[in-house]
Amino acid sequence: MKKIEAIIKPSALEAVKDALNARGVNGMTISEVKGHGRQKGHTEIYRGAEYVVDFIPKIKIELVVASADAEPVADCIRKAANSGKIGDGKIFVLPVEEVLRIRTGERGETAI
Amino acid sequence: MNTGDTAFMLIATAMVMLMTPGLALFYGGLVRSKNVLGTIMQSMICLGVVSLIWVLYGYSLAFGPDVHGLIGDLSLVGLHGVTLSPGPYAKTIPDLLFCAFQLMFAIITPALISGAIAERMKFSAYLLFITLWSTLVYLPICHWVWGGGWLGKLGALDFAGGTVIHINSGIAALVAAIMLGRRKGWGRESFHPHNLPMTILGAGLLWFGWFGFNAGSSLAAGETAALAFFTTQVATGAAVLSWLAVEWMIQGKPTTLGAVSGALAGLVAITPAAGFVSPISAVIIGLVAGGLCYLAVLAKGKLGYDDALDVVGVHGVGGLWGALATGLFASLAVNPAGANGLFFGNPHQFLIQAIGAGASILYSLILTTVILKVVGLVTGGLRLESEDEIQGLDLTQHSEVGYTS
């Protein structure tokens, strides 16, 4: 099993969610996060005072899939979140040792 | 007694009251989220403190029978003798209603200063400060201009409080910002506003309430009220545009905070002139106010004092411009009870306006300095402990937080 962590632009969330649902991915967790990669921050101006904001809002999507699905799901996210501009984000794929469904105690891929 | 005037003044008084919560939201949105309640509180507490001062001795010192042009006497202490019949200041409304209307002005003036000391003053010290400042600075200057004091007798025009309220609080703000020192992290950390929609809501309430402030200052539902209402609107609209225009040119973007700051600058500047100038003059006053106050706010960074929410730039500079502009643009043609200004052939009026502004600046400067020194000694320091300042006003001064996550 693999965990996919995708950091994307907030504006790409709808498209990514729809694409994942269309692929039959049936669960995900999202959180509002802040950060920057090569995009760096942006400048804000309040009454003439300029502030450089280093960390900009992003969305983190976390989901766990069967190992065989990791590649196509990651690709699906990449396509949906790709605007071609700097700051589109990154996707990380990590190994997962075990999954438990709390209600039933099922383990492994059936618990995903 | 006139029921129409009385009805109008009741509503105008309520509208001016609403400006103080409006100011609380305006300032509240501009600070960091850890200070939102403490900042709102600094305005709201004035509704309590000044109301009490006003009944006990405030109205008497401001509007009681004149003593040497400097202050009212103590004959109206406890509002003794302030009746429901018309009094000496307004012939068609109850004396007590005039007293209530003036109370609302006395409430918002110390609250304005809180913007300069935002995010770093102890609540106990603040409380003592506004009590002493209202008593020793606001009441005398109010008396000088409106209560039969020397500036009024000299012929100084201040329709709704440019000198009494805005120059006065603006100078006090400058003194307070310097004496408290800069916030921790000034010049290194970003102090950007945590909730601009809240600030914009506050600005909207201020703008709305300001019609009560300016139109109500005619003390009757008549021609001058209509004039003041209209000049207030167009000067403010013009100031929104000029602030944005200058900001756009200098900074490259017109900002929403710029729009509402421009509105405030326009409201401040037209206040002393509202019932004395024509609508076209009001537009010019507003246009100058927007650009001028923006430049004053920019200059703050260079001068190095931490007037956190720009009370000096908006109220001090805007108020000074408004007081002087009244001496330029006032016209007997629009209000026979006023005077002609420099542009209408009476340079003497400009001189009188300058004297009024100068006296207010000097008096406020000296007294505010002394009061803050005394408050600092009595309360063991004006500022929060360093650790408390990092934690924020809300938690350390009030044991509350504005937002739970």
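Modeller: Let us start with Cys293(B), which is buried, with 32 other C-beta atoms within 10 Å; a residue counts as buried if 20 or more other C-beta atoms lie within 10 Å of its own, as exposed if 12 or fewer, and as partly exposed in between, with C-beta atoms placed from the backbone. This is a predicted model, in which local features need pLDDT of at least 70 and side-chain atom pairs count only at pLDDT 80 or more, while totals for chains, interfaces and linings use all residues. Residues are numbered from 1 along each chain as its sequence is written, and chains are lettered from A and ligands numbered from 1 in the order in which they are written.

Colleague: Where is the place of Cys293(B), and what is Cys293(B) in contact with, leaving aside its neighbours within four places in sequence?

Modeller: Cys293(B) sits in helix α10 of chain B, where helices (H or I, at least four residues) and strands (E, at least two) are DSSP runs numbered from the N terminus. Leaving aside neighbours within four places in sequence, Cys293(B) is in contact with Trp243(B), Ala265(B), Gly313(B), Val314(B), Val317(B) and Gly318(B); two residues are in contact if their C-beta atoms, placed from the backbone, lie within 7 Å.

Colleague: Stepping back, what does the secondary structure of chain B come to?

Modeller: Chain B has 14 helices and two strands. Its radius of gyration is 20 Å, close to the 22 Å that the globule rule gives for 405 residues, so chain B is as compact as a globular protein of that length; the radius is taken over C-alpha atoms, and the rule is 2.2 Å times the number of residues to the power 0.38. Buried residues make up 60% of the 405 residues in chain B, and among its contacts with a separation of 6 or more, 75% are between residues 24 or more positions apart.

Colleague: Let's look at the helix packing: at what angle do the axes of α1 and α2 of chain B cross?

Modeller: Helix α1 (residues 3-30) and helix α2 (residues 36-63) of chain B cross at roughly 160 degrees, and their axes come within 8 Å; axes are lines fitted to C-alpha atoms, for helices over the stretch in contact, and angles run from 0 to 180 degrees between N-to-C directions. That makes α1(B) roughly antiparallel to α2(B), given that angles under 35 degrees count as roughly parallel, over 145 as roughly antiparallel, 65 to 115 as roughly perpendicular and the rest as oblique. The residues that make the contact include Leu23(B), Ala24(B) and Tyr27(B) of α1(B) and Ile40(B), Met44(B) and Leu47(B) of α2(B).

Colleague: How does α2(B) pack with α4(B)?

Modeller: α2(B) and helix α4 (residues 123-146) of chain B pack at about 45 degrees, with their axes 10 Å apart, and that makes α2(B) oblique to α4(B). Among the residues that meet are Ile45(B), Val49(B) and Ile53(B) in α2(B), and Leu127(B), Ile130(B) and Leu139(B) in α4(B).

Colleague: Which loop holds Asp310(B), and is Asp310(B) buried or exposed?

Modeller: Asp310(B) lies in the loop between α10 (279-303) and α11 (311-329) of chain B, and it is buried, with 26 other C-beta atoms within 10 Å. Asp310(B) has a positive phi of about 65 degrees although it is not a glycine. Leu79(B), also not a glycine, has a positive phi of about 60 degrees, but with 17 C-beta neighbours inside 10 Å, Leu79(B) counts as partly exposed.

Colleague: Changing topic, in what order do the four strands of the open sheet in chain A come?

Modeller: The order is β2-β5-β1-β6 (chain A), with antiparallel pairing; two strands pair if DSSP finds at least two bridges between them. The edge strands are β2 (29-35) and β6 (89-95) of chain A, each pairing on one side only. Seven bridges join β1 (residues 2-8) of chain A to β6(A), and Glu5(A) stands opposite Phe92(A) in β6(A).

Colleague: Last one: how many residues of chain A are in contact with chain B?

Modeller: Seven residues of chain A are in contact with 12 residues of chain B, and β3(A) gives the most to that side of chain A, with three residues. β3(A) and β4(A) form a hairpin with two residues between them, and Arg47(A) in the turn has a positive phi of about 45 degrees.
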